[in-house]
There are 4 protein chains.
Amino acid sequence: MPKMKAAIFVEPGRIVLEDKPIPDIGPLDALVRITTTTICGTDIHILKGEYPVAKGLTIGHEPVGVIEKLGTAVTGFSEGQRVIAGAITPSGTSNACLCGFCSQDGPGTRHGWKPMGGWRFGNTIDGCQAEYVRVPDAMANLAPVPDGLSDEQVLMCPDIMSTGFSGAERGQIKIGDTVAVFAQGPIGLCATAGARLLGASTIIAVDRLPDRLAMSRRLGADHVVDGGKVDPVDEIMRLTDGRGVDVAIEALGTQATFESCLKVLRPGGTLSSLGVYSTDLKIPLGAFAAGLGDHTIVTSLCPGGKERMRRLMEIVSSERVDLGPLVTHRFKLDDIEQAYDLFAHQRDGVLKVAITP
Amino acid sequence: MPKMKAAIFVEPGRIVLEDKPIPDIGPLDALVRITTTTICGTDIHILKGEYPVAKGLTIGHEPVGVIEKLGTAVTGFSEGQRVIAGAITPSGTSNACLCGFCSQDGPGTRHGWKPMGGWRFGNTIDGCQAEYVRVPDAMANLAPVPDGLSDEQVLMCPDIMSTGFSGAERGQIKIGDTVAVFAQGPIGLCATAGARLLGASTIIAVDRLPDRLAMSRRLGADHVVDGGKVDPVDEIMRLTDGRGVDVAIEALGTQATFESCLKVLRPGGTLSSLGVYSTDLKIPLGAFAAGLGDHTIVTSLCPGGKERMRRLMEIVSSERVDLGPLVTHRFKLDDIEQAYDLFAHQRDGVLKVAITP
Amino acid sequence: MPKMKAAIFVEPGRIVLEDKPIPDIGPLDALVRITTTTICGTDIHILKGEYPVAKGLTIGHEPVGVIEKLGTAVTGFSEGQRVIAGAITPSGTSNACLCGFCSQDGPGTRHGWKPMGGWRFGNTIDGCQAEYVRVPDAMANLAPVPDGLSDEQVLMCPDIMSTGFSGAERGQIKIGDTVAVFAQGPIGLCATAGARLLGASTIIAVDRLPDRLAMSRRLGADHVVDGGKVDPVDEIMRLTDGRGVDVAIEALGTQATFESCLKVLRPGGTLSSLGVYSTDLKIPLGAFAAGLGDHTIVTSLCPGGKERMRRLMEIVSSERVDLGPLVTHRFKLDDIEQAYDLFAHQRDGVLKVAITP
Amino acid sequence: MPKMKAAIFVEPGRIVLEDKPIPDIGPLDALVRITTTTICGTDIHILKGEYPVAKGLTIGHEPVGVIEKLGTAVTGFSEGQRVIAGAITPSGTSNACLCGFCSQDGPGTRHGWKPMGGWRFGNTIDGCQAEYVRVPDAMANLAPVPDGLSDEQVLMCPDIMSTGFSGAERGQIKIGDTVAVFAQGPIGLCATAGARLLGASTIIAVDRLPDRLAMSRRLGADHVVDGGKVDPVDEIMRLTDGRGVDVAIEALGTQATFESCLKVLRPGGTLSSLGVYSTDLKIPLGAFAAGLGDHTIVTSLCPGGKERMRRLMEIVSSERVDLGPLVTHRFKLDDIEQAYDLFAHQRDGVLKVAITP
């Protein structure tokens, strides 16, 4: 059985590169040879043991590569095609998918729904920090890369671009909206870019790292608020003349940012939450107008599927958004443990790394 | 100055009937002679001092009456017309109104938004538990009562029908949805009726009072769950085969019901909240899928304005929903203190009272 | 090779029952043994040669049956299960499906879209007026029939219930809307029922056949207009006090009804079109307010897929709508040519026929 | 009675500058002293007698100015404030407004709806090509100009920016959509800018004038198609690889462009129509997929009201869109007849003119 290298979760604190068999594929699958991948904040949660996965699982959910082999029932693609697949790989055929909630896909359940069921790579099946990855439900998930786009140009599509944009989309941003985005890590930066893309007229980015605030300006923020220096709620209320924002996007996953979002929302506003939380959340009574403020809170899990990927790659092709500067570091797959070390400790101004087998 | 009788907030624990001048009106107002009104759960919060209003304020926000006099700038109505006005009386001209959030109306503010600003009757201006009431922004708020409808038939339109239905509407109920409604007081019962009206295929009503559960069946519930006998979350998960509901409506205003709503929601589901809360709320991490479940939480304040009232009265006229049985007791205005006593203590199976000057 | 009986298109004017091999199935398919099916108005278009299909094709797109055999890649179902499938059988995996337009599915095209591509049964592949049918993309399309529902109770789900309801849904009917439905054939009757299900307060049904108008009342119409006796546009404007309707549903497919819909629409109203047209359509300038009336015109092709079918069967189970009376005649498959004769000539008050192999 | 100069419709072919009394105002009105205004394509329809207005009416619906006087019932504004008002001046209080269709406002009608009823300036009441204009329903319509914005910077907000953007908004453009915009006059150019603002990834602009195509590139078009040189339908189908566009915007008001829009739409696509038509329209059967293509056709009349104006001025302030280059010529009010002559004949590359009293 041929072998490949893969980044494997061993135990909390240890993700290591090991040899592993190249995956077999079933009739609906594709085998993709990875040419570039990356590490996500979620992978760090896995590394730290905060998000549990099976020991021995290959990590990673952001694949760029080439179709090596197609399952016997797969049509419409050919071997050798350059493709990406989303971090979320919906079946397309579950009740959840057919109802428009592809990320909550539950094809194997009685009723067709499963919380986060569409997230399979590096979570419930082997992921793509490896030389090869099995892509399930290939017909719904393989998205050909347009000619002229490099691996790095499409590397953000599978997860952070899709997730970040969904924060803006689910917030139903309208032309002329004022939007606050709390935290400017890779997801928050993409939410900022997404808010810009949807016609917000005023975008206020909050973070504590000057580099990230500078990047948020580059991606579309009109105002930046350094949460280490001023109280972001006060500052946003000042900037909005006491009215608050139409949409507040949470992109960190903490009580503090969730609560600040509510506090800066105008009545009738929307809190669009992207963060992965690790504690119960508190909704402050006052900011929630005792339940009478016509507020909306929405959460999103990264939208996947090939149509989403096609659209995001179109955004890249047409130069609407340039996420190139987010790739701050590059590593060989052989050195992925170093990459994890850098990324986990947010050293050296790292935003995203590119990993190439 | 001619006098009238009015139910006045004196201090926590005391709402009394007193004489008061008949209101003056400004150019945009109308003076309406009340023929029927009612008491709302919110009025009990006011009575108990849980919701603060000015001492001496006339209470009540559910007017049915006859136009006595029109402001000098008011056109399109005539004195002597039978009308209702919503509990919420938007100006129609603030930024919030023009943006579609009439209940958060702030015409007197710099920016045109004010949390709950559309709720004026018995909150920021004198209400309608009186012989006369001043209706502000009359052109936006007076809704003629169709011939053939009695006062009692339209008495629920100004508040509980509008509020309850909005729970179903803001939940974006779709044909074939499964819906749970927590609490079957007047608002919850109207939410149950609203869910039925919007095509839900399975409606599960939760309460602890057998009379209310019986009424919920009459208004459209398919299953009733007695929260005093079984765990409602367990029971709803059993009834939905482990999937949960598409939409859960909260109609009480407590942590327990809010939390139960989240626990019975399928991924991608919507919690539509109608209750008035008196504490911070907790979102349990698990039920919220750590923020990755594509959940939506929406709150609503009773939609007002004459078009809303027109539509609700059409629903009554066309016999889609019969809320007549909700009026369980009738009082003269002179006896309103007794009515408060009955209603506040939920004695004698009271659901709603009709008060006639 | 085992044979079965099937109703086959031979040439315009001739659909005949013939022997044909029982279909083979591929890995994604299911073989379903038909227990009940029906004839659709579209089949009559095919019969008359107005809608072209290949000679030798088995007609029919409304299957109720039992799973006989499952493709090798199909999971989540078992042989012997009672199921239906929609008239439209989307793949679930095309770009159109993943974008929410399952009826315009184009899995075999470069870009994943094909006009009406989701309509395959009795159009581009063999249909279900036969003893057996091959269901493509079985995982997306097989919908188990709930215990306790008879074949006839679910027989309308695959097409006319789904189509008719979509007329109401795509019209975005809101609580309190006034709706006109032009033509009360099976689709129009289901649109009437759908309008009722979504909270319309006034439903005006138009037809020329007294039986159909009587049935429309039974399914929810408040007013019926006999287009043979009065001018429907005049009558609807009279009934609506000169305002017009919020939503007008076209359920016949003619210029006259399409145009009447526009003429009775209030400004800002929606024309929801269900008919299959056979000529270019004219939009009258005046009724269209010269393009300045904020009008919307939407067309729909029957929504399919197992989630849609599940929801419709829930509506039947919960007795929200009783379409049982639409089945006016019953035939054995052996006598299907007689059934076509009756149905094509609309003799004997026929609405829908049940065909049982 | 003090006099002012005003451009008056005398008869088809003649709009002349004359003396006229400065308008009186009622309690809900404001008197605004015009500092800048412009001429719209609609005014040319009026000039030519194609759109009928009363003889003696002051023309013009795009006011920038200063509040001279406020009606007795108007609050929230002060004399001397710099303001704009939309071309459409909704009351805010009619049923149509309260239902979200402000442009179809009918405050003086029995039922509160009137086709195009919100368009009053230069249509049903005196307009703003004059030294002063009466703004009706001032509280709903006066929008203060942010400090730092010049008259010319906000001059496009009242009509063409609001109208053009609404073409993109009503088309419900999504991130990654491909959009075609037919005709690149001022409205079409703003539709192109609006499509860009809402996240379209590919925008194809069609016109026959090289200057306008060049301007469309500047405002966001990715591809320009010269309809005088190639067949736009063929070219757009080629550019979209045979799939067609997600949204097609019509910005001219002719059968040819309307029909081309339908022909380039993918199934499930939306035709968003902005043009003012002068003939019945034909929908070609094939392009409409016989009514089975899940197509949507929407029309829009310029959204007005102060909140819309506020949002558009925010877009200008934040430099999202620069419509400055659209003002190609400047005239004194005294020379407005010359301006009409230039604009009506589209001489000298004119796009928009600025008129200053």
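Which helix of chain C does C:Lys306 lie in? Select C:Lys306: it lies in helix α10 (residues 306-317) of chain C. Helices here are DSSP runs of H or I with at least four residues, strands are runs of E with at least two, and both are numbered from the N terminus.

**Before moving on**

This is a predicted model, in which local features need pLDDT of at least 70, side-chain atom pairs count only at pLDDT 80 or more, and totals for chains, interfaces and linings use all residues. Residues are numbered from 1 along each chain as its sequence is written, while chains are lettered from A and ligands numbered from 1 in the order in which they are written.

**Stop 1: around C:Lys306**

Stay on C:Lys306. Is this residue buried or exposed? C:Lys306 counts as buried, because it has 29 C-beta neighbours inside 10 Å. The cut-offs are 20 or more other C-beta atoms within 10 Å for buried, 12 or fewer for exposed, and partly exposed in between, with C-beta atoms placed from the backbone.

Now show the contacts of C:Lys306, leaving aside neighbours within four places in sequence. From chain A, select A:Asn95 and A:Leu98. From chain C, select C:Ala140, C:Asn141, C:Leu142 and C:Ala143. Contact means that two C-beta atoms, placed from the backbone, lie within 7 Å. C:Ala85 is 221 residues from C:Lys306 in sequence, but 6.8 Å away in space, C-alpha to C-alpha.

**Stop 2**

Strands pair if DSSP finds at least two bridges between them.

**Stop 2: the domains of chain A**

Colour chain A by domain. Domain 1 takes in 3-86 + 121-156 + 323-356, and domain 2 covers 163-299. These bounds come from an automatic or database domain assignment. The domain centres, taken over C-alpha atoms, are separated by 30 Å. Where they meet, nine residues of domain 1 are in contact with eight residues of domain 2. Select helix α1 (residues 41-47) of chain A: it gives the most to the domain 1 side, with three residues. That side divides into three nonpolar, four polar and two charged residues. Nonpolar covers Ala, Val, Leu, Ile, Met, Phe, Trp, Tyr, Cys and Pro; charged covers Asp, Glu, Lys and Arg; the others, Gly among them, count as polar.

**Stop 3: a sheet in chain B**

Move to chain B. Five strands make an open sheet with antiparallel pairing, in the order β6-β3-β4-β5-β7. β6 (132-135) and β7 (143-144) of chain B stand at the edges, each with a single partner strand, so one side of each is left without a neighbour in the sheet. Select strands β3 (residues 30-36) and β4 (residues 64-70) of chain B: six bridges join them. B:Leu31 stands opposite B:Lys69 in β4(B).

**Stop 4: where B meets A**

Show chains A and B together. Here 41 residues of chain B are in contact with 40 residues of chain A. On the chain B side, β12 (265-273), β13 (281-283) and β14 (296-299) are the elements that give two or more residues. This side has 19 nonpolar, 15 polar and seven charged residues. Zoom in on β13 (residues 281-283) of chain A, which pairs with β13(B) in the antiparallel sense over three bridges. A:Ile283 has B:Leu281 as its bridge partner.

**Stop 5: where D meets C**

Switch to chains C and D. Contacts link 41 residues of chain D with 41 residues of chain C. β13 (residues 281-283) of chain C pairs antiparallel with β13(D) over three bridges, and C:Leu281 stands opposite D:Ile283.

**Last stop: C:Val181**

Select C:Val181. Its contacts beyond four places in sequence include C:Gly188, C:Ala191, C:Ile203 and C:Ile249.
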